[in-house]
Amino acid sequence: MMTLLRHALVSVARLGGSLLALGPLVFAQGATPSDVAFAKSEAFLVKSAFGSAMASAKGIHPEEVRARQEAIILYRARSYDAALERALVAIQGGLRDELLLLHAVRASVWIQDTEAAEYCQGLLEDRLDVMTGDGAANLSWWADQVDGLSSWVDTMILQDAETAAVIRRSRTTTVSVFGTALGVLGLAAFFSSRKS
Amino acid sequence: MAPTRASIFLTASALSGGAVMAIELSAVRLLAPWFGTSQSVWSNVIGVVLLGLSLGYLLGGRASRGSRPAESLVYLLGVGALFTAWLPFIAGPVAELFLPNELRLDSAAEVFRWGSLAASTCLFLPASVLLGGVGPLVAELVSREGNLRAGDAGGRMLFASTVGSLIGVFATTHWAIPTVGLRSTLLAAAGTLLLAALLIQVLTTVADRWAKAALLLCFLGALSAVLTPRSMPVLPEGVVLLEERESPYQYTRFVEDRRTEPFMRSLQVNEGADSYQSVWQPELGLLPGDYYYNDFVLPAWWQGKKGTWRCLTVGMGAGTAKRVMEGAMPPGLTLDYTGIELDPVVVELAEKWCDLKADGLTKILSGLDGRAALGLVEGPMDHILVDAYANQVEIPPHLATIEFFNQVESLLEPKGWCQVNVSGFSVVDPIVSAIASTVSAAFEAPALILRVPGARNCSVFARRGGRPPVPTEAGWIPSDFPESIAALLRGREVRGQWDWVEVSHPKGIVLTDDLAPVERLQQLSLEKARQSLLGAFRVPGA
């Protein structure tokens with residue numbers, strides 16, 4: 001858990017442009033091979049060397065923390081479905097930090113996965129409610145992000161509902177008109193046979 | 001038999017047969033701006049017309065038992081004309097009932113399938129039922145006139161009606177739609193039906209005043225349709241229609257998006273979704289944003305050749321590939337471009353709106369099918385681009401088979417490049433995998449799949465007697481690449497952005513001329529795209 005907290009700290013720090021300042025702090029607390037791999041991966045990520053960042057991330061343990069880092073790298077490399085897949089592995093592993101969730105929601109929006117977007121957005125909002133530490137210091141920034149994403153997700157939900165309604169309407173119209181036409185035909189045949 | 005009266009009835013049957021075909025062939029084109037012209041839209045329209053005709057046959061048969069079948073015939077033809085005349089004007093409002101305001105491509109197939117069926121039912125069923133009733137009434141009248149047996153009268157009626165249909169098919173497709181357009185074609189069909197009704201009314205001296213009044217009303221109704229403009233989808237604010245045309249193949253339009261700087265123009269054909277076939281910007285070179293066209297410059301940079309780069313595009317559209325490549329070629333390399341485009345109207349409009357011009361280094365093969373035209377192209381080529389689409393997102397099956405790619409390979413220089421643009425949602429998309437496997441099998445060499453970030457496209461690369469660069473190996477982004485080209489490749493070495501297909505390990509079905517289920521694969525692709533990734537995970541609370 002401590003490893004994860006340190007990783008989350010570094011990620012948030014990167015977001016604020018203070019990676020260099022916090023980097024030594026990570027090592028000062030006693031770096032494990034996983035920490036080193038993470039730091040390397042972050043350094044490559046800053047330089048947009050995505051392939052090397054992914055290669056370095058292989059040394060991160062445990063699996064969910066590695067998945068979290070890979071999700072962020074993949075998102076930055078614009079591989080959105082792969083990013084969401086890795087983010088969901090991290091979430092499944094119990095991670096709930098705001099940076100991971102933010103990337104998960106954004107990736108879901110990019111690939112228009114409404115179900116995943118709604119789920120991850122819910123987790124992100126929950127996370128914001130209990131945010132402490134460095135994240136809390138930037139609460140208004142996070143709130144803005146969540147609001148912005150929330151309107152995207154809401155639009156996607158509305159679009160899905162509208163599309164479903166249109167398909168229902170099309171089916172109902174078709175079945176009604178076909179049914180009516182066949183009904184008229186049946187009636188015509190019935191009266192015709194009675195006459196003859 | 002009284003030849004004059006019987007021949008009038010048979011003429012009416014022929015005119016009605018021609019009108020039915022005009023309606024049927026125009027129907028798909030009429031719906032195209034909203035639902036496209038995919039196989040499923042065609043099937044729906046044909047199905048609805050067949051249902052209408054079959055109902056009409058029964059109702060016409062029943063009406064023929066009456067004492068005044070000629071009057072019934074006048075009613076059917078007159079009201080049928082009215083319905084036909086108004087089709088171009090009511091098509092839009094009816095189609096929009098069955099389309100959401102915003103349509104995502106992954107939902108489009110289902111919306112188009114059901115929406116086009118519902119719209120076809122509302123629009124074309126009434127006219128089909130009415131015109132289906134014409135045949136039995138004509139058979140009855142011909143039989144009564146000449147004291148003919150049912151089979152004889154029916155045979156004559158079917159002969160006249162089928163000859164009329166035949167003329168209707170050729171006249172509609174080859175002359176009317178490309179020459180006078182959809183609206184006038186349908187108005188002409190309505191006029192034909194009114195003419196038939198009038199012939200029967202006048203020459204058979206139908207006395208009933210109601211029939212006369214009905215005919216007059218139908219005439220006035222159809223006439224008022226002449227004064228009403230055809231309904232079309234509304235363009236978003238800031239997007240301007242430059243020109244629209246009907247060609248023998250499709251509805252074609254050029255639009256200019258003035259919401260962006262610089263203005264972008266795009267070619268749209270039969271578009272029911274937010275897709276495009278070609279784009280144009282004032283400057284030559286790479287397009288701003290996530291356009292797959294930018295990938296077309298990569299082989300010339302990877303090859304490192306000097307002199308001339310001979311490139312052939314199958315499915316040139318408005319010539320976007322040429323403009324992108326021309327402005328982004330490596331130093332010391334000149335583009336010698338040949339483009340094949342099936343639809344001459346697209347080329348004509350591109351010359352007007354997209355600066356497309358044939359000259360010493362640009363050859364345009366217009367009006368030719370991509371596969372047939374390969375035989376006319378003089379090789380060898382350095383680079384053959386396959387970017388052929390029909391009906392928005394459908395890859396023509398005959399341009400996706402191993403036999404086609406064998407032809408492509410035979411036209412390439414050794415180490416020359418084949419590049420295919422495939423619309424797909426991921427590198428493991430069923431249609432993308434199938435085409436990459438087919439290309440790989442044809443070239444007997446590995447194929448590289450690159451996803452276009454932020455777009456619904458993948459580029460498939462293969463080389464004659466060689467292999468494309470591997471994203472994880474050195475040389476993927478050579479150090480002498482300028483930043484604009486390096487930026488196209490950066491980030492594409494990560495998972496989900498590329499895949500590799502070896503001949504010995506195909507990742508999808510190898511498509512052949514005998515079996516190329518492209519539509520089924522595209523259907524699977526859309527179904528897969530609609531599934532939420534969340535479904536694959538058991539996440540707490542999901």
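This is a predicted model: local features need pLDDT of at least 70, side-chain atom pairs count only at pLDDT 80 or more; totals for chains, interfaces and linings use all residues.

A:Glu63 is partly exposed at 34% relative accessibility, whereas A:Arg66, at 17%, is buried, where buried means under 20% relative accessible area, exposed over 50% and partly exposed in between, with a 1.4 Å probe and protein chains only. Side-chain values use heavy atoms, with hydrogens and water left out, residues are numbered from 1 along each chain as its sequence is written, and chains are lettered from A and ligands numbered from 1 in the order in which they are written.

A:Glu63 and A:Arg66 form a salt bridge, with the closest N and O atoms 2.5 Å apart; the term means a side-chain nitrogen of Lys or Arg within 4 Å of a carboxyl oxygen of Asp or Glu. The two residues are three apart in helix α5 of chain A, so about one helical turn separates them; helices (H or I, at least four residues) and strands (E, at least two) are DSSP runs, numbered from the N terminus.

In chain B, B:Lys305 and B:Asp382 form a salt bridge at 2.9 Å between the closest N and O atoms. That pair links distant parts of the chain, 77 residues apart, with B:Asp382 in strand β8 of chain B. B:Lys305 is partly exposed at 26%, while B:Asp382 is buried at 5%.
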